[in-house]
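Please look at the sequence and the structure shown below before reading on.

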Amino acid sequence: MRLDKYLAGLGVGTRSEVKKIIRAGQVTVNGTAAVTPEQKVDETADEICVGGRRQSYAAFHYYLFHKPAGCVSAVRDEIHRTVMDYLAGAAGKDLFPVGRLDLDTEGLLLITDDGALAHELLAPAKHVPKTYYVRVDGRITQEDIRMFEEGADIGDARPARPAVLKILDGGSRQEAHLTLTEGRFHQVKRMFAAGGKEVLYLRRIAMGPLVLPESLKPGEYRALTAEELAALKKPASGRKEGDL
Ligand code: URA
């Protein structure tokens, strides 16, 4: 198979992006830098690396899952259903959720068996943006926006990193989109609590370049598209804070 076709099929990038990566010398085949996109590879035997990272055909699986409330973001649990109970029909036997959402939180959860990618996405230093739709029990004010922008004191040794709060114009001013670049325990709930408000409903609607599709209902999942996977694997990829 042609090298560019193989890498595009893996979701490394579009065909033209992959060609550029190859010509930039970022791809090795059995330890030697590939020079042309047309180079033939044996995907069952050759060791192919992009930026030093080993790729292999369908070696990993990636699913976008809409977590419903009432299940835990874990592989096993004694008491509750787990997110994995919803993915019983998915390929890949070592799947796990990338990060956690609270029991009562809904929304986007990436499920994969690619430990290296999960590690990258969760690394605190990467500051992968996560956007939440949130409904609270009071009016969200300009003061809340300012406090989140400056870094809310949520009772930890360090204040929260600056976050973008956008009030949704529903009249009551109780709904907002909040974009964070970290993932501390109960972070959204603690940030609103710092402003004296209780979170009534929380749904993650985006993580890095991934956006929860409206067509994906709670409890449903689908494989990532090649474009989504390529965007996720791009170093420092993602929407800018507050894009949604
Ligand atoms: N922040 C929370 O408080 N809960 C979640 O589930 C995710 C972010």
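**The model and the chain**

This is a predicted model, in which local features need a pLDDT of at least 70 and side-chain atom pairs count only at pLDDT 80 or more, while totals for chains, interfaces and linings use all residues. Residues are numbered from 1 along each chain as its sequence is written, and side-chain values use heavy atoms, with hydrogens and water left out.

The protein chain has 6 helices and 15 strands. Helices (H or I, at least four residues) and strands (E, at least two) are DSSP runs, numbered from the N terminus. The C-alpha trace spans about 60 × 40 × 35 Å along its principal axes. Of the 244 residues in the protein chain, 45% are buried. Buried means under 20% relative accessible area, exposed means over 50%, and partly exposed lies in between (1.4 Å probe, protein chains only). Contact means heavy atoms within 4.5 Å. Among contacts between residues at least 6 apart in sequence, 64% join residues at least 24 apart.

Q55 is found in strand β4 (residues 53–55). Its relative accessibility is 9%, so Q55 counts as buried. Leaving aside neighbours within four places in sequence, Q55 is in contact with Y6, L7, L10, V12, I48, V50 and K233. The side chain of Q55 also reaches the backbone oxygen of R53 at 3.2 Å. A polar contact is a pair of N or O atoms within 3.5 Å; within protein, one must be able to donate a hydrogen and the other to accept it, and residues adjacent in sequence count only if both atoms are side-chain atoms.

A polar atom of the K130 side chain lies 3.3 Å from the backbone oxygen of V128. With neighbours within four places in sequence left aside, the contacts of K130 include L178, T179, L180 and E182. K130 and E182 are 52 residues apart in sequence, and their C-alpha atoms are 7.8 Å apart in space.

**Aromatic rings**

The whole structure holds 4 aromatic pairs. Rings of Phe, Tyr and Trp (its six-membered ring) pair if their centres lie within 6.5 Å; planes under 30 degrees apart count as stacked, over 60 as edge-to-face and the rest as tilted. One of the pairs is formed by Y63 and Y221, which are edge-to-face at 5.5 Å centre to centre, with 90° between the planes. Y63 lies in strand β5 (residues 62–67) and Y221 in strand β15 (residues 221–223), so this pair ties together parts that are 158 residues apart in sequence. Y63 is buried at 9% relative accessible area, whereas Y221 is partly exposed at 28%.

R81 lies over the face of Y86, at 4.5 Å from the ring centre. A charge sits over a ring if NZ of Lys or CZ of Arg is within 6 Å of the ring centre and within 35 degrees of the ring normal.

**Salt bridges**

The structure has 14 salt bridges. A salt bridge is a side-chain nitrogen of Lys or Arg within 4 Å of a carboxyl oxygen of Asp or Glu. R54 and E47 meet in one of them, at 3.5 Å from N to O. Another joins D104 and K189, with the closest N and O atoms 2.8 Å apart. D104 lies in the loop between β8 (96–97) and β9 (106–112) and K189 in helix α5 (residues 187–194), so this pair ties together parts that are 85 residues apart in sequence.

K197 forms a salt bridge with D144, the closest N and O atoms being 3.0 Å apart. K197 lies in the loop between α5 and β13 (199–207) and D144 in helix α4 (residues 142–150), so parts 53 residues apart in sequence are tied together. K197 is buried at 12% relative accessibility, and D144 is buried at 4%. D156, E182, R184 and R190 are linked in a network of salt bridges.

**Around the ligand**

The ligand is surrounded by L101, D102, T105, Y132, H186, Q187, V188, K189 and L202. A residue is near a molecule if one of its heavy atoms lies within 4 Å of it.

| Residue (backbone N or O atom) | Ligand atom | Distance |
|---|---|---|
| D102 | oxygen | 2.7 Å |
| H186 | oxygen | 3.3 Å |
| V188 | nitrogen | 3.1 Å |
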